[in-house]
Amino acid sequence: MLTPHTPAPDFSLTDQNGVIHSLRDYRGKWVLMYFYPKDDTPGCTKQACAIRDSWAEFEKINCVVLGISTDGEKSHKKFEEKYALPFSLLADIEKKVVQAYGVWSPKKFMGREFLGTQRSSFLINPDGVIVKVYEKVKPELHAENVLSDLVALQA
C-alpha cells in the first residue's frame, strides 16, 4: 500500500457514464480517492451514502471524490442511480489501479480466501501527493473523518 508523501500514481478509468477520468486532470484540487469492494453491498452503500450526505461540505472545500471498484460501468450506473450519488464511480475492471495503490490483496470471508479490494482511501493534495491514507475504513464514519482532516490540512 502506498504511503503519505508519495506522489499518487496517475491513471485513466471510465466512470458510470463512460467518461474517462485521469488523476492528472484534478491537479489544483484536493482528491479523495476511495476504493471499495463492490457496488450495492451493505458497507459500500453506507460509505457512499455518507459521502453523498456530506456532499455540500466536500464541494465547499473544493474536494473531488472518486470511488473506485473493480465493478463495471453498468453496475456503477445502477448503484449511482439507486442512491443518487453525486460523484464519479470509476471502473477498474482490469485491476490496474487497485494493484498500483496496493489495495488488491488476499481477503477471507466465511472461511474462504480470495483476492479482493481492501476498503481503503487516499487523500491527495492539489500537487498530486498523497497526504493521508485511510486503511480499514469504517464506512459510516469515513466522510466525517476525511472532512475533519481536510479542514485541518487547509488551516
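How many aromatic pairs does a search of the whole structure find? The search finds nine, where rings of Phe, Tyr and Trp (its six-membered ring) pair if their centres lie within 6.5 Å. By plane angle, under 30 degrees counts as stacked, over 60 as edge-to-face and the rest as tilted. I will come back to two of the pairs.

First, the conventions. This is a predicted model, in which local features need pLDDT of at least 70 and side-chain atom pairs count only at pLDDT 80 or more, while totals for chains, interfaces and linings use all residues. Residues are numbered from 1 along each chain as its sequence is written, and side-chain values use heavy atoms, with hydrogens and water left out.

Now the pairs. Phe-35 and Phe-122 are edge-to-face, with 5.8 Å centre to centre and 90° between the planes. Phe-35 sits in strand E3 and Phe-122 in strand E8, 87 residues apart; helices (H or I, at least four residues) and strands (E, at least two) are DSSP runs, numbered from the N terminus. Both Phe-35 and Phe-122 are buried, where buried means under 20% relative accessible area, exposed over 50% and partly exposed in between (1.4 Å probe, protein chains only). The pair of Trp-55 and Phe-87 is tilted, because the ring centres are 5.9 Å apart and the planes are at 35°. Trp-55 is in helix H2 and Phe-87 in the loop between H3 and strand E5 (88-91), 32 residues apart. Trp-55 and Phe-87 also belong to one aromatic cluster with Tyr-34, Tyr-36, Phe-58, Phe-79 and Tyr-83.

On to the core. A nonpolar core here is a set of buried Ala, Val, Leu, Ile, Met, Phe, Trp, Tyr and Cys residues joined through side-chain atoms within 4.5 Å. The largest one has 26 residues, and those with the most contacts inside it include Leu-32, Ile-51, Val-65 and Leu-150. Elements giving two or more residues to this core are strand E3 (30-35), helix H1 (42-53), helix H2 (55-60), strand E4 (63-69), helix H3 (73-83) and helix H5 (142-154). H1 gives the most, with five residues. Apart from this core lies another, of 22 residues, among them Val-31, Met-33, Leu-90 and Phe-122.

Which side of H5 faces inward? His-142, Ala-143, Val-146, Leu-147, Asp-149 and Leu-150 are buried. They cover an arc of only 165° around the axis, so they lie on the same side of H5; the arc is that of the directions from the helix axis to the C-beta atoms. On the other side, Glu-144, Val-151 and Ala-152 are exposed. The cover over the buried residues of H5 includes E3, H1, H2, E4, strand E8 (120-124) and strand E9 (130-134).

Next, Ser-69, in strand E4. Ser-69 counts as buried because its relative accessibility is 0%. A polar atom of its side chain lies 3.1 Å from the backbone nitrogen of Asp-71.

Most residues other than glycine have a negative phi. Asn-62, in the loop between H2 and E4, has a positive phi of about 65°. Asn-62 counts as partly exposed, because its relative accessibility is 38%. Ala-84, in the loop between H3 and E5, has a positive phi of about 50°. Ala-84 counts as exposed, because its relative accessibility is 56%.

Technical notes
Polar contact = N/O pair within 3.5 Å; in protein donor to acceptor, adjacent residues only side chain to side chain. Contact = heavy atoms within 4.5 Å.
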